Amino acid sequence: MTIAAATHGMAFGLWPISWIVVSAVFFYNLTVESGDFDVIRRSLARLTGDRRIQLLLVAFCFGALIEGIAGFGAPVAISASMLAGLGFEPIMAAALALIANTAPVAFGSLGIPVTTLGGLLAPMLGHDAQTTTRALPAMVGRQLPIFSLIIPAYLVVLYAGWKRMIEVWPAVLVAGGTFAIGQFTVSNFVGPELTDALSALVSLTAVAWLLRVWQPAEEYTEGARVAVPPTVMAPDGHRLVVATAVTAPDTPKRVFRAYASYGILILTVLIGQIGNFAGLSTLQPPANVTALLKCGQIGNRLCPEPWVGANASVDPQGFRFPVWEFNWPGAYQMSGGRPAALVQREAPVVASSSPYPLTYRLDFLAAAGTLVLLASLLAFIPMAAAGVPASALGTTLKKTARQLRLPVVTIAFILSIATVMNYSGMTSSMALALAKTGVAFPFFAAWLGMIGVFLTGSDTSSNTLFGPLQATTAKLSGLDPVLMAATNSSAGVMGKMISPQNLSVGAAGVGAVGREGEILAKVIVHSLILTTAMGLLALLQAYVVPWMVPAL
Amino acid sequence: MAELFHQVYNPVAGSVFLSALTASIPPLLLAVLLAVLRVAPWRSALAAAATAFVLAWLVWACRCR
């Protein structure tokens with residue numbers, strides 16, 4: 001039984017979790033290989049000479065785009081090195097990139113922190129994974145936008161002071177406002193996968209448009225110097241070449257093609273998820289691509305019959321395509337032709353003794369990872385037409401595999417810890433003790449999430465380790481489990497800037513390895529302030545404005 | 001027929017508090033290995049997963065009750 005839980009956790013870590021990570025990083029590496037990424041970087045640097053607006057564009061908007069697609073430290077490494085390349089003082093550049101990397105983190109790597117949490121919580125809350133992974137991002141999307149709105153102002157005040165922030169208030173307001181609105185709308189009405197990428201693009205475009213009709217009265221270029229483009233190595237062996245704006249400008253056609261690669265990614269994932277949009281869930285297949293890709297999935301009324309294999313109601317264990325759902329071996333017994341869970345949860349964690357099923361779902365086509373891989377191949381068509389050799393696919397694949405070999409193993413083990421602890425009852429033991437903190441629990445919940453990210457460096461890991469604990473404690477204390485699990489994620493992002501792992505990525509990004517301590521000293525206060533604020537917001541949402549919590 | 005496994009929440013000396021303390025060993029170990037001892041992430045995760053496995057197997061799922 002324990003073996004079943006441990007292996008299930010590892011398998012869940014590989015599919016769907018690592019599958020998304022690998023394809024997302026593959027896509028990102030492909031745009032680096034084809035040169036699209038450098039083109040976008042240069043086009044951003046050319047938009048304005050004002051330091052404050054460069055900071056917003058690079059650290060906030062562009063950083064969020066990279067977080068939404070690649071995640072795992074890439075946004076900090078990239079935006080820190082870009083800022084340093086533009087002439088920002090290196091330690092300041094790293095600190096600003098780290099602080100900017102908060103608002104988008106819960107939806108990083110195509111929403112992986114919240115989708116992982118949804119997968120772990122679904123059997124615990126007695127809802128299917130689909131419903132749970134809709135409710136969680138909706139809740140996070142009712143917490144983080146408040147912070148997204150203020151982070152741009154926060155950054156500029158830190159960099160240039162309050163007075164100089166007021167001078168560029170239109171840019172600050174447009175960057176934060178459009179991102180916050182995008183984040184709320186997409187997470188509540190579309191889903192977690194594209195929340196960051198779409199909001200970041202909207203925000204980037206909005207600031208770019210604003211600059212056409214408005215420019216700061218006085219261009220702030222303090223500390224300008226001719227930057228020598230340093231070549232630095234990120235800790236994952238990824239070579240970061242910091243380009244400056246002095247190279248020959250790219251043609252508008254080239255710039256368009258570069259942005260189009262990201263457009264293809266977003267369109268492909270959007271089309272694949274069309275059935276998840278608010279109001280479109282009853283759309284009939286084949287227009288409803290989502291239902292089509294999930295044919296044969298239990299509960300899919302629009303396409304109940306699988307393409308290959310027996311119907312789930314006839315043979316619950318049989319192999320089916322394109323969605324194979326089965327009970328994990330060693331964790332069930334057959335009774336009356338149906339599999340029944342062996343693990344029973346008991347009072348007071350649940351009202352009365354009830355089964356805790358350990359099921360596994362291989363959604364071959366509908367998984368976000370598959371859609372992103374497909375998008376990468378589609379995006380490669382225009383790249384190939386423009387002369388990128390086909391061998392670039394192989395090189396990129398090799399590079400991605402080398403980069404992610406160890407992180408994937410780590411993810412599998414961490415998910416294994418979570419599953420073993422959930423199914424053995426260890427998580428509930430901790431929750432029972434935590435529930436004794438009483439009415440102040442929402443405040444502590446925020447700190448627990450932040451400590452989880454501080455220690456592991458990842459919101460996904462923090463959600464995996466503490467999300468189930470938060471949800472169980474919430475149920476025991478009469479609070480909403482969705483609210484508390486989401487708080488773990490939303491507050492977790494505030495711990496990212498002080499986690500040793502991300503500090504070293506930031507330091508490497510600006511070529512200041514060994515000066516992590518100085519960066520930490522600059523950011524730690526802000527991590528504490530922002531976590532406190534999130535704790536207060538969780539308290540408010542738990543007791544004063546509970547209508548903000550989405551119904552499961 | 002396999003036996004149903006009924007979860008127990010206070011396996012350590014019948015105390016919720018001591019059980020919670022014991023249950024917190026795997027995440028704490030992961031934290032110490034990663035942040036204090038600077039062990040490679042995959043090794044830290046493996047060590048913590050092994051600890052969780054042993055605790056679950058010998059304490060929470062113990063057939064001695």
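Helices in this description are DSSP runs of at least four residues, numbered from the N terminus. The model is predicted.

**Packing of H6(A) against H19(A)**

- Two packed helices are described by the angle between their axes and the distance between the axes.
- In chain A, helix H6 (residues 108-125) packs with helix H19 (residues 481-492) at an angle of about 150 degrees, and the two axes are 11 Å apart.
- Angles over 145 degrees count as roughly antiparallel, and H6(A) and H19(A) are therefore roughly antiparallel to each other.
- The crossing formed by H6(A) and H19(A) is right-handed.
- From H6(A), the residues Pro113(A), Val114(A), Leu117(A), Leu121(A) and Leu125(A) meet Pro481(A), Ala485(A) and Ser489(A) of H19(A).
- By class, the residues in the contact of H6(A) with H19(A) comprise seven nonpolar, one polar and no charged.

**Packing of H7(A) against H19(A)**

- Helix H7 of chain A (residues 129-140) also packs with H19(A), here at an angle of about 60 degrees and with the axes 9 Å apart.
- That angle makes H7(A) oblique to H19(A).
- H7(A) crosses H19(A) in a right-handed sense.
- H7(A) contributes Ala135(A), Leu136(A), Met139(A) and Val140(A) to the contact, while H19(A) contributes Val482(A), Leu483(A), Ala485(A), Ala486(A), Ser489(A) and Ser490(A).
- The contact of H7(A) with H19(A) is made up of eight nonpolar residues, two polar and no charged.
- Ala485(A) and Ser489(A) of H19(A) take part in the contact with H6(A) and also in the contact with H7(A).

**Form of chain B**

- Chain B contains three helices and one strand, and along the sequence these follow the pattern β-α-α-α.
- The radius of gyration of chain B is 14 Å, well over the 11 Å that the globule rule gives for 65 residues, so chain B is more spread out than a compact globule.
- The C-alpha trace of chain B spans about 45 × 30 × 15 Å along its principal axes.
- Of the 65 residues in chain B, 37% count as buried.
- Taking the contacts in chain B between residues at least 6 apart in sequence, 39% join residues at least 24 apart.

**Contact between chain B and chain A**

- Chain B supplies 34 residues to the contact and chain A supplies 32 residues.
- On the chain B side, the elements that give two or more residues are strand E1 (5-6), helix H1 (16-23), helix H2 (25-36) and helix H3 (41-60) of chain B.
- H3(B) gives the most to this side, with twelve residues.
- The side of chain B that touches chain A divides into 29 nonpolar residues, five polar and no charged.

- Ile66(A) counts as buried because it has 23 C-beta neighbours inside 10 Å, where 20 or more are required.
- Apart from its neighbours within four places in sequence, Ile66(A) is in contact with Ala74(A), Pro75(A) and Ile78(A).
- Ile66(A) and Ser79(A) lie 13 residues apart along the chain, and their C-alpha atoms are separated by 9.0 Å.
- Arg301(A) is in the loop between helix H13 (289-293) and strand E3 (323-327) of chain A.
- Arg301(A) counts as exposed because it has 8 C-beta neighbours inside 10 Å.

**Backbone features of chain A**

- The peptide bond from Pro285(A) to Pro286(A) is cis, with omega near 5 degrees, and Pro286(A) lies in the loop between helix H12 (252-272) and H13 of chain A.
- Ala347(A) and Pro348(A) are joined by a cis peptide bond with omega about 5 degrees, and Pro348(A) is in the loop between strand E6 (343-345) and strand E7 (354-355) of chain A.
- Ser109(A), in helix H6 of chain A, has a positive phi of about 45 degrees although it is not a glycine.
- With 29 C-beta neighbours inside 10 Å, Ser109(A) counts as buried.
- Leu110(A), also in helix H6 of chain A, has a positive phi of about 60 degrees and is likewise not a glycine.
- Leu110(A) is buried, having 28 other C-beta atoms within 10 Å.

How values were computed. Residues are numbered from 1 along each chain as its sequence is written. Chains are lettered from A and ligands numbered from 1 in the order in which they are written. This is a predicted model: local features need pLDDT of at least 70, side-chain atom pairs count only at pLDDT 80 or more; totals for chains, interfaces and linings use all residues. Axes are lines fitted to C-alpha atoms, for helices over the stretch in contact, and angles run from 0 to 180 degrees between N-to-C directions. Angles under 35 degrees count as roughly parallel, over 145 as roughly antiparallel, 65 to 115 as roughly perpendicular and the rest as oblique. A crossing is left-handed if the near helix is turned anticlockwise from the far one by less than a right angle, and right-handed if clockwise. Two residues are in contact if their C-beta atoms, placed from the backbone, lie within 7 Å. Ala, Val, Leu, Ile, Met, Phe, Trp, Tyr, Cys and Pro count as nonpolar, Asp, Glu, Lys and Arg as charged, and the others, Gly among them, as polar. The radius of gyration is taken over C-alpha atoms; the globule rule is 2.2 Å times the number of residues to the power 0.38. A residue is buried if 20 or more other C-beta atoms lie within 10 Å of its own, exposed if 12 or fewer, and partly exposed in between; C-beta atoms are placed from the backbone.
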